[in-house]
Amino acid sequence: MAPLQPDLRLTKTHTGNFTQGQTGASYAITVSNSGTGPSSGTVTVTDTLPAGLTATAIAGAGWTCTQPAGPCTRSDVL
C-alpha cells in the first residue's frame with residue numbers, strides 16, 4: 001500500500017478588477033489538501049503582489065500572519 005501523502009493546493013479569487021488608487025479591494029487565497037494524507041509540521045503561504053498593488057492587511061482563520069503582506073503560517077493538520 002502506498003504511503004498517505006498530502007497534496008496542498010492554492011486557489012486565488014477576487015471579484016472585479018483592481019485599479020490604481022483603489023482602496024478596500026481584497027482577494028482570497030484558499031489552501032486545501034486534496035491528497036490522501038494530512039499535512040504535518042508548519043505550512044507557510046507566501047504571495048507576491050503584482051506590480052502596482054500594495055498590501056495593507058492579511059488575515060485568515062487558523063493562520064498566523066505577518067502584517068501587512070505575510071507570510072502566513074499554521075501548524076495544525078490540513
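Is A57 buried or exposed? The points below take up that residue after a word on the model itself.

1. This is a predicted model, in which local features need a pLDDT of at least 70 and side-chain atom pairs count only at pLDDT 80 or more, while totals for chains, interfaces and linings use all residues. Residues are numbered from 1 along each chain as its sequence is written, and side-chain values use heavy atoms, with hydrogens and water left out.

2. A57 is exposed, with a relative accessible area of 56%, where exposed means over 50%, buried under 20% and partly exposed in between (1.4 Å probe, protein chains only). This residue sits in the loop between β3 and β4; strands here are DSSP runs (E, at least two residues), numbered from the N terminus. Leaving aside residues up to four places away in sequence, A57 is in contact with Q67 and P68, a contact being heavy atoms within 4.5 Å. The C-alpha atoms of A57 and P68 are separated by 4.3 Å, although the two residues are 11 apart along the chain.

3. An open sheet is formed by 3 strands in the order β3-β5-β4, with antiparallel pairing. β3 and β4 stand at the edges and have a single partner strand each, so one side of each is left without a neighbour in the sheet. Two strands are said to pair if DSSP finds at least two bridges between them, and β4 and β5 pair in the antiparallel sense over 2 bridges. As background, strands of a sheet pair through backbone hydrogen bonds, either parallel or antiparallel.

4. The bridge partner of C65 in β5 is C72, and these two cysteines also form a disulfide, with their sulfur atoms 2.1 Å apart. A disulfide is taken as a pair of cysteine sulfur atoms within 2.5 Å, and by this rule the count comes to 1. The torsion about the S-S bond of C65 and C72 is about 115°, so the disulfide is right-handed. C65 is buried at 18% relative accessibility, and C72 is buried at 7%. Not counting residues up to four places away in sequence, C65 touches I58, A59, G60, P71 and C72.

5. Both cysteines return in the largest nonpolar core, which has 5 residues in all, namely V43, V45, W63, C65 and C72. Such a core is a set of buried Ala, Val, Leu, Ile, Met, Phe, Trp, Tyr and Cys residues joined through side-chain atoms within 4.5 Å.

6. A search of the whole structure finds 3 salt bridges, each being a side-chain nitrogen of Lys or Arg within 4 Å of a carboxyl oxygen of Asp or Glu. In one of them the side chains of D47 and K12 meet at 2.5 Å, N to O. D47 lies in the loop between β3 (43-45) and β4 (64-65) and K12 in strand β1 (residues 8-14), so the pair ties together parts that are 35 residues apart in sequence. D47 is partly exposed at 22% relative accessibility, whereas K12 is exposed at 51%. Another salt bridge joins R9 to D7, with the closest N and O atoms 2.6 Å apart; R9 is partly exposed at 46%, and D7 is partly exposed at 30%.

7. R74, in strand β5 (residues 72-74), forms a salt bridge with D76, the closest N and O atoms being 2.6 Å apart. Here R74 is buried, with a relative accessible area of 15%, while D76 is partly exposed at 38%. A polar atom of the R74 side chain also lies 3.5 Å from the backbone oxygen of A61. Beyond residues up to four places away in sequence, R74 touches G41, T42, V43, A61, G62 and W63.

8. S39 is placed in the loop between β2 (27-33) and β3, and this loop residue is buried, with a relative accessible area of 5%. The side chain of S39 reaches the backbone nitrogen of L78 at 2.8 Å. With residues up to four places away in sequence not counted, S39 touches P6, L8, N33, D76, V77 and L78.

Terms used: Helix = DSSP H or I, 4+ residues; strand = E, 2+ residues; numbered from the N terminus. Polar contact = N/O pair within 3.5 Å; in protein donor to acceptor, adjacent residues only side chain to side chain.
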